[in-house]
Amino acid sequence: MLYPVAIEAVDPKSAFGVIVPDLPGCFSAGDTYLEALANAREAILLHIQSLADMGLSSPKGRSIDDYKDAPEYQGWSWDVVEV
C-alpha cells in the first residue's frame, strides 16, 4: 500500500518533519530526508498495527494531488511511502 507523506524542512540545519495525512496523528521526523522517509514508514506500520489492534481497518492511501494544494501544506514537499 502507498501513502503520501508531507515533508517539512524548517531550515537546512534541522530535522525533516513528516506527516501522513491519510492517518491522522501519524507523524515522524529524521535528521536527513531519507531517514525521515524510513522513520515515516515505521510510524505508518505502527499506526496501522494500532488500528488493527482496535479492530479497525487502515484507510487506503489517497493521491498526493488530493493534498498538495491544501493551505496547511503550503511549502511542504511530497513523497510516497510504501508499506
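1. A definition comes before the count: a salt bridge here is a side-chain nitrogen of Lys or Arg within 4 Å of a carboxyl oxygen of Asp or Glu. By this rule there are 2 salt bridges. Please keep in mind throughout that the model is predicted.

2. One of the salt bridges joins Asp-66 to Arg-62, with 3.4 Å between the closest N and O atoms. Asp-66 is partly exposed, at a relative accessible area of 43%. Arg-62 is likewise given as partly exposed, at 46%.

3. Another salt bridge links the side chains of Lys-68 and Asp-65, again with an N to O distance given as 3.4 Å. Lys-68 is partly exposed, with a relative accessible area of 40%. Asp-65 has a relative accessibility of 53% and counts as exposed, because the exposed class begins over 50%.

4. Arg-62 does have a salt bridge with Asp-66.

5. What does the side chain of Asp-22 meet in a polar contact? Its partner is the side chain of Tyr-67, at 2.4 Å. Beyond its neighbours within four places in sequence, Asp-22 is also in contact with Tyr-3, Pro-4, Pro-59, Lys-60, Gly-61 and Arg-62, as well as with Tyr-67 itself.

6. Now the sheet. Its 4 strands are arranged in the order E3-E2-E1-E4, and the sheet is open with antiparallel pairing. Strand E3 (27-30) and strand E4 (77-82) are at the edges; each has a single partner strand, so one side of each lacks a neighbour in the sheet. On average, neighbouring strands are turned by 30° against each other, direction ignored. As background, the strands of a sheet pair through backbone hydrogen bonds, in either a parallel or an antiparallel way.

7. Strand E1 (residues 2-9) is joined to E4 by 6 bridges, and the two run antiparallel. Within this pairing, Tyr-3 stands opposite Val-81 in E4, while Ser-77 in E4 is the bridge partner of Ile-7. Tyr-3 is also one of the residues in contact with Asp-22.

8. E1 also pairs with E2, in the antiparallel sense and over 4 bridges. Here Ala-9 is placed opposite Phe-16 in E2, and Val-18 is the bridge partner of Ile-7 in E2. Ile-7 therefore has a bridge partner in E4, Ser-77, and another in E2, Val-18, with pairing of strands taken from bridges found by DSSP.

9. The pairing of E2 with E3 is antiparallel and covers 4 bridges. An example is Ile-19, whose bridge partner in E3 is Phe-27.

10. Where does helix H1 (residues 33-53) lie? The helix lies across E1, strand E2 (16-19), E3 and E4. Relative to E3, helix H1 runs at about 155°.

11. Is Cys-26 buried or exposed? Cys-26 has a relative accessible area of 5% and is buried, because the buried class covers values under 20%. Cys-26 is in the loop between E2 and E3. Not counting residues up to four places away in sequence, Cys-26 touches Val-18, Ile-19, Val-20, Ala-43, Ile-44 and His-47. Between the C-alpha atoms of Cys-26 and Asp-69, which are 43 residues apart along the chain, the separation is 20 Å.

12. Gly-55 sits in the loop between H1 and E4. Its relative accessible area is 64%, and Gly-55 is exposed. The C-alpha atom of Gly-55 is separated by 24 Å from that of Pro-4, with the two residues 51 residues apart along the chain. Pro-4 is itself among the contacts of Asp-22.

Note on methods. Residues numbered from 1 in each chain as written. Predicted model: local features only at pLDDT ≥ 70, side-chain atom pairs only at ≥ 80, totals over all residues. Heavy atoms only, no water. Axes fitted to C-alpha atoms, helices over the stretch in contact; angles between N-to-C directions. Contact = heavy atoms within 4.5 Å. Buried < 20%, exposed > 50% of the residue type's maximum accessible area, 1.4 Å probe, protein only. Polar contact = N/O pair within 3.5 Å; in protein donor to acceptor, adjacent residues only side chain to side chain.
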